[in-house]
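The sequence and the model come first.

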Amino acid sequence: MSIAAMEFMNNLMQSMGIPYAFVRWEEAPPDDRYWVGEYIEAESLTLKEDGFQETTFILRGYTSASWLLLEQDKEKIERNASQTAILPNGTGIAVSYDGGSIVPTSHMDWKSMKINLKIQEWKVK
């Protein structure tokens with residue numbers, strides 16, 4: 001996953017008004033809920049030929065308040081995440097929603113949700 005794609009995801013989350021940080025919050029997270037993102041790159045057989053890379057981008061949401069906060073964010077993400085763009089570095093990107101699920105936590109007061117997005121990038125060589 002390119003740095004330009006990471007910036008694209010950061011801007012996308014900000015545009016939806018969803019509190020987000022890559023990997024972890026470096027400062028105190030918001031009181032109501034927050035999301036962090038990480039990724040898993042799939043092995044690409046054509047990366048050297050056509051610059052194609054597919055990534056699963058994982059968003060994890062946390063709250064100690066109501067489940068509804070996470071569900072509302074999930075709905076926003078599902079409705080707005082499917083996008084295509086040409087990034088400033090010339091990379092083409094396609095983002096699509098790939099499902100969500102509730103994730104158990106070890107602390108009874110905390111609730112968590114996971115959302116998977118598929119990101120396809122075509123890098124200019």
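## Terms and basis

A residue is called buried under 20% relative accessible area, exposed over 50%, and partly exposed in between, with a 1.4 Å probe and protein chains only. The model is predicted: local features need pLDDT of at least 70, side-chain atom pairs count only at pLDDT 80 or more, and totals for chains, interfaces and linings use all residues. Residues are numbered from 1 along each chain as its sequence is written, and side-chain values use heavy atoms, with hydrogens and water left out.

## Overall fold

The protein chain has three helices and six strands. Both are DSSP runs numbered from the N terminus, helices being H or I with at least four residues and strands being E with at least two. Read from the N terminus, the order of elements is α-β-β-α-β-α-β-β-β.

The C-alpha trace spans about 50 × 30 × 25 Å along its principal axes.

## Surface, burial and charge

Of the 125 residues in the protein chain, 39% are buried. The accessible surface is about 7300 Å², and carbon and sulfur atoms account for 51% of this area. Areas come from the Shrake-Rupley method with a 1.4 Å probe; for residues, only the protein chains shown count as cover.

Contact means heavy atoms within 4.5 Å. Of the contacts between residues at least 6 apart in sequence, 59% join residues at least 24 apart.

The chain carries 12 positive and 18 negative charges, and their mean positions are 1 Å apart. Lys and Arg count as positive, Asp and Glu as negative, while His and the chain ends are not counted. Each charge is placed at NZ of Lys, CZ of Arg, CG of Asp or CD of Glu.

## Strand pairing

Two strands pair if DSSP finds at least two bridges between them. Strand 6 (residues 111-122) pairs with strand 3 (residues 52-63) in the antiparallel sense over 12 bridges; in this pairing threonine 55 stands opposite isoleucine 119. Strand 6 is also joined to strand 5 (residues 92-103) by 10 bridges, again antiparallel, and here valine 103 faces serine 112.

Strand 5 in turn pairs with strand 4 (residues 83-86), antiparallel over four bridges, with isoleucine 86 opposite glycine 92. Strands 4 and 5 form a hairpin with five residues between them, and glycine 90 in the turn has a positive phi of about 90°.

## Two residues of strand 6

Serine 112 lies in strand 6 and counts as buried, because its relative accessibility is 0%. Leaving out residues up to four places away in sequence, serine 112 touches Arg60, Gly61, Tyr62, Trp67, Leu70, Ile102, Val103 and Thr105. Alanine 81 is 31 residues from serine 112 in sequence, and their C-alpha atoms are 20 Å apart.

Asparagine 116 belongs to strand 6 as well. Its relative accessibility is 18%, so asparagine 116 counts as buried. Apart from neighbours within four places in sequence, asparagine 116 is in contact with Thr56, Phe57, Ile58, Tyr97, Asp98 and Gly99.

## A loop residue with positive phi

Valine 23 is in the loop between strand 1 (20-22) and strand 2 (33-41). Its phi is near 70°, a positive value in a residue other than glycine. With a relative accessible area of 49%, valine 23 is partly exposed.
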